[in-house]
Amino acid sequence: MNPNPVTVPAETTVEDAMHLMREKRISSVITEPGSDGEWGIMTQRDVLSRIVSKNRTPSTVKVEEIASRPLVTTPVDTSLHDCAEIMSESNIRRMVVMDNNNQPVGIISDTDIFASVEQFGLPE
């Protein structure tokens, strides 16, 4: 997993979040709970499908408006196999890893799983 995920307040503009993503060379940011109390995730794919293709202006749209919710999460001790199964069933490419206090501590992606299996093989 990629530790120390980048989080942004729900009211952050998409434009500001996009700048942050480019600056940090990341493809997603976790949205802190907004008025609905739920965590979310905004990915490059969300920007393409919910901003660019809809001809919306990133400087006027808040991250909470386009972030994917509900956030699919997993505890830190979830096996690689179980992560892959959850991601496959949920049709997502990234899943947020939460600690015991329900705080995000990382993001595991399909690329991470692929690299691990390619390098180390399937876990027993």
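This is a predicted model: local features need pLDDT of at least 70, side-chain atom pairs count only at pLDDT 80 or more; totals for chains, interfaces and linings use all residues.
Residues are numbered from 1 along each chain as its sequence is written, and side-chain values use heavy atoms, with hydrogens and water left out.

Back to that pocket. A pocket is an open set of points on a 1 Å grid over the protein atoms alone, where a 1.4 Å probe fits, with protein on both sides within 12 Å along at least five of seven lines; lining residues have an atom within 4 Å of a point. Among the lining residues are Asn2, Arg94, Ile107 and Ser109. S1 and S7 are the elements that give two or more residues to this lining; strands are DSSP runs of E, at least two residues, and helices are runs of H or I, at least four, numbered from the N terminus.

So what does S7 pair with? Strand S1 (residues 2–3) runs antiparallel to S7, joined by two bridges, and DSSP has to find at least two for a pair. Strand S6 (residues 94–98) is also antiparallel to S7, over five bridges. Ile107 in S7 is the bridge partner of Asn2 and also of Val96. S6 and S7 make a hairpin with five residues between them, and Asn102 in the turn has a positive phi of about 60°.

S7 is mostly covered, with five of its six residues buried, meaning under 20% relative accessible area with a 1.4 Å probe, protein chains only. Take Ile108, in S7: its relative accessible area is 9%. Its contacts (heavy atoms within 4.5 Å) beyond four places in sequence include Met1, Leu80, Met95 and Ile113.

Last, the largest pocket, at about 300 Å³. Closest to its centre, of 15 lining residues, are Ile41, Thr43, Ser68, Ile92 and Arg93. S6 turns up here too, giving the largest share of the lining, three residues.

Definitions and conventions:
Buried means under 20% relative accessible area, exposed over 50%, partly exposed in between (1.4 Å probe, protein chains only). Grid points are joined across faces, edges and corners, and a volume is the space filled by probe spheres set on the points.
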